[in-house]
Amino acid sequence: QVQLVESGGGLVQPGGSLRLSCAASGFTFSNNAMSWVRQAPGKGLEWVSDIESGGGSTYYADSVKGRFTISRDNAKNTLYLQMNSLKPEDTAVYYCAKTGGGTAGYGMDSWGKGTLLTVSS
């Protein structure tokens, strides 16, 4: 079965950086676009970023554009999210998600259990 395991969350001061990872298994990782979504305390799910199957096209929410970078290593079946210039508003549980095809337009069909990022001084 599809399995997505996020890691790398933790406590960071405002302005700091952190990289999240997502280890994927149970499907042909290189065939599928991948996404990151997050849920802040007391708020609903927010889409963060998409990356196409080959890694050539990326997309970001306005709230993170210029600060976050999504990438993937298809040889390692791993998705990444590099987060820089972190703000308290970035505090959330971050989820890795698989989509149904090579582009994010197919929609998300599987999620991991999430990893918590806390940005606080």
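Read along the sequence, the chain runs β-β-β-β-β-β-β-β-β-β-β. That is 11 strands and zero helices. Both element types are DSSP runs numbered from the N terminus: helices are H or I with at least four residues, strands are E with at least two. The model is predicted, so local features need pLDDT of at least 70 and side-chain atom pairs count only at pLDDT 80 or more, while totals for chains, interfaces and linings use all residues. Residues are numbered from 1 along each chain as its sequence is written, and side-chain values use heavy atoms, with hydrogens and water left out.

Start with the overall form. Along its principal axes the C-alpha trace spans about 40 × 25 × 25 Å. Of the 121 residues, 43% count as buried. Buried means under 20% relative accessible area, exposed over 50%, and partly exposed in between, with a 1.4 Å probe and protein chains only. Contact means heavy atoms within 4.5 Å. Among contacts between residues at least 6 apart in sequence, 55% join residues at least 24 apart.

The largest nonpolar core has 26 residues, and Met34, Trp36, Phe68, Leu79, Leu81, Met83 and Tyr94 touch the most other members. Strands β3 (18–25), β4 (34–39), β5 (45–51), β7 (68–73), β8 (78–83), β9 (92–99) and β11 (115–119) each supply at least two residues of this core. Such a core is a set of buried Ala, Val, Leu, Ile, Met, Phe, Trp, Tyr and Cys residues joined through side-chain atoms within 4.5 Å.

The structure holds one disulfide (a pair of cysteine sulfur atoms within 2.5 Å). Cys22 and Cys96 form it, with their sulfur atoms 2.1 Å apart. The link is left-handed, at -70 degrees about the S-S bond. Cys22 lies in strand β3 and Cys96 in strand β9, so the pair ties together parts that are 74 residues apart in sequence. Cys22 is buried at 0% relative accessibility. Cys96 is buried too, also at 0%.

Now the aromatics. A search of the whole structure finds one aromatic pair. Phe27 and Phe29 form this tilted pair, 6.2 Å centre to centre with 55 degrees between the planes. Rings of Phe, Tyr and Trp (its six-membered ring) pair if their centres lie within 6.5 Å; planes under 30 degrees apart count as stacked, over 60 as edge-to-face and the rest as tilted. Both Phe27 and Phe29 are buried. Arg72 lies over the face of Phe29, 4.3 Å from the ring centre. Lys98 lies over the face of Phe27, at 5.4 Å. A charge sits over a ring if NZ of Lys or CZ of Arg is within 6 Å of the ring centre and within 35 degrees of the ring normal.

Gln82 sits in strand β8. At 26% relative accessibility, Gln82 is partly exposed. Leaving aside neighbours within four places in sequence, Gln82 contacts Ser17, Leu18, Arg19, Arg67, Phe68 and Thr69.

Finally, the backbone. Most residues other than glycine have a negative phi. Asn77 has a positive phi of about 50 degrees. Asn77 is in the loop between β7 and β8. Ser85 has a positive phi near 50 degrees, and lies in the loop between β8 and β9.
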